[in-house]
Amino acid sequence: MSRDTARRLALAAQGFADPPPRGEVTRRHLQRVLSRTKLLQLDSVNVAVRAHYMPLFSRLGAYSPDLVDTAAWSHRARQPRLLVEYWAHEASLIPVEDWPLLRWRMREYGGAWRRRSRELLERVPQLVDDVLAAVKELGPIGAGALERELGGGERRGSGPWWNRSDTKRVCELLFAMGQLTTATRRSFERLYDLPERVLPAHVLAHEPEDEDAIRALVERSAQALGVATEPDLRDYYRLSPARSRQAVAELVEDGVLEPVAVHGWRQPAYRHVGARVPRKITGRALLCPFDPLIWERSRTERLFDFRYRIEIYVPEPKRQYGYYVFPFLLDGDLVARVDLKADRAAGVLRVPGAFLEPGRDAADVLPELAGALHDMAGWLGLDGVAVGERGDLATALRSVIS
């Protein structure tokens, strides 16, 4: 297939071909997006908007963030929880029903790089037992409150970036092992509780075989991506190469995945048999750095000829585009990028930098980008948009917006 076909297939799989809601965005619309993306990545950066809120805005338009909060961290009887936290792509909100598909990861302490935390089981076994007992008695409760309740812990920094107490590390270990989960969040602090007080009994009772679970995750990856290489499919849930390759081979044999060649792609690709290719993709969307459409940077480059790197950890003088840059999707292509910051004190959405992609027509992009920025500012409760000086699009964008 052509790259254009692959791009439209991928965008449709991610929900960008779905008609926008008419009127209020509801729980049903949230479920529709989740049926496409499968999960929402969590991230602590809040310079513009937290990562788990933005993909829904990109696909649905303005909505109340309480819709996500209720789905993920609510105890309301009439609106059962839809989402639960766990390590999926990274820290993520996943459908409650998918939690058992990651039990194999829980047995691996949440993933390879977290296995080093298992030393806590040997070094401070009593603290592990005490944390579980305290959560059972006091939960939902945060790590800081547990630390105070248990009288603190021996401070053991793991490098210049971290200085976490053993109590907090034990909480994170037990979360990775599936023995604790997030009951709710308070100012984005995770409040821990026992899974049996958070998740339905039938979810806790489901114990799939590891191979079946991984095959199900790869199929979900394929549904979310539409067309993808095996490394693309592997990356969606951060699977190991061996497990991913085995699952892909089995899904091909079962007729769930169809091998395809995409023009310009060096590696073979796979199309989910349920994926559809719309005639065209229309509309506009700002994409946060953690949007699942652009997670896998090499795939983004293959699909859109758009090289994208997050520059949060790059020293400011060396940044090419900015601290927290949003690609701009217009009619099925990535045509520009803007560095964004929500200045809540001043009541404006700041755009320190705005950049046009090579070969794009600024006259076509500017009014749509200005409209998208105004829409986002309104959704965030800000009064306007303030464009800075950086980038080849900044001067023209500033004149359009003002």
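Predicted model: local features only at pLDDT ≥ 70, side-chain atom pairs only at ≥ 80, totals over all residues.
## The chain as a whole

The protein chain holds 16 helices and 14 strands. Its radius of gyration is 22 Å, close to the 21 Å that the globule rule gives for 402 residues, and the chain is therefore as compact as a globular protein of that length. Taken along the principal axes, the box filled by the C-alpha atoms is roughly 65 × 55 × 45 Å.

Of the 402 residues in the protein chain, 56% are buried, and the accessible surface comes to about 18400 Å², with 48% of that surface belonging to carbon and sulfur atoms. When contacts between residues at least 6 apart in sequence are considered, 64% of them join residues at least 24 apart. The side chains include 59 positive and 55 negative ones, and the centres of these two sets lie 2 Å apart.

Strand 12 (residues 333-343) has 10 of its 11 residues buried, so the strand is largely enclosed by the rest of the structure. Strand 11 (residues 325-330) runs antiparallel to strand 12 and is joined to it by 6 bridges, with phenylalanine 328 standing opposite alanine 336. These two strands form a hairpin with 2 residues between them, and in the turn aspartate 331 has a positive phi of about 50 degrees.

Strand 12 also pairs with strand 13 (residues 348-356), in the antiparallel sense and over 7 bridges. Here arginine 337 stands opposite phenylalanine 355 of strand 13. The hairpin of strand 12 and strand 13 has 4 residues between the strands, and glycine 347 in this hairpin takes a positive phi near 75 degrees.

## Two covered helices

Helix 1 (residues 3-13) is mostly covered, since 9 of its 11 residues are buried; among them are Arg7, Arg8, Leu9 and Leu11. Glycine 15, which follows helix 1, has a positive phi near 95 degrees.

Helix 9 (residues 166-176) likewise has 9 of its 11 residues buried, and it is therefore largely enclosed by the rest of the structure. The buried residues of helix 9 include Asp166, Arg169, Cys171 and Phe175. Glycine 178 follows helix 9 and has a positive phi, near 80 degrees.

## Individual residues in strands and loops

Threonine 229 lies in strand 7 (residues 227-229) and counts as buried, because its relative accessibility of 1% is under the 20% cut-off. Apart from neighbours within four places in sequence, threonine 229 is in contact with Trp265, Gln267, Pro268, Ala269, Tyr270 and Arg302.

Two loop residues other than glycine have a positive phi. Lysine 38, whose phi is near 75 degrees, lies in the loop between helix 2 (27-37) and strand 1, and it counts as buried at 12% relative accessibility. Arginine 238, with a phi of about 55 degrees, is found in the loop between helix 12 (230-236) and helix 13 (241-253), where it is partly exposed with a relative accessible area of 37%.

Definitions and conventions: Residues numbered from 1 in each chain as written. Heavy atoms only, no water. Rg over C-alpha atoms; globule rule 2.2 N^0.38 Å. Buried < 20%, exposed > 50% of the residue type's maximum accessible area, 1.4 Å probe, protein only. Contact = heavy atoms within 4.5 Å. Areas by Shrake-Rupley, 256 points an atom, 1.4 Å probe, with all protein chains shown as cover. Lys, Arg positive; Asp, Glu negative; His and termini not counted. Charge placed at Lys NZ, Arg CZ, Asp CG, Glu CD. Pairing = 2+ DSSP bridges.
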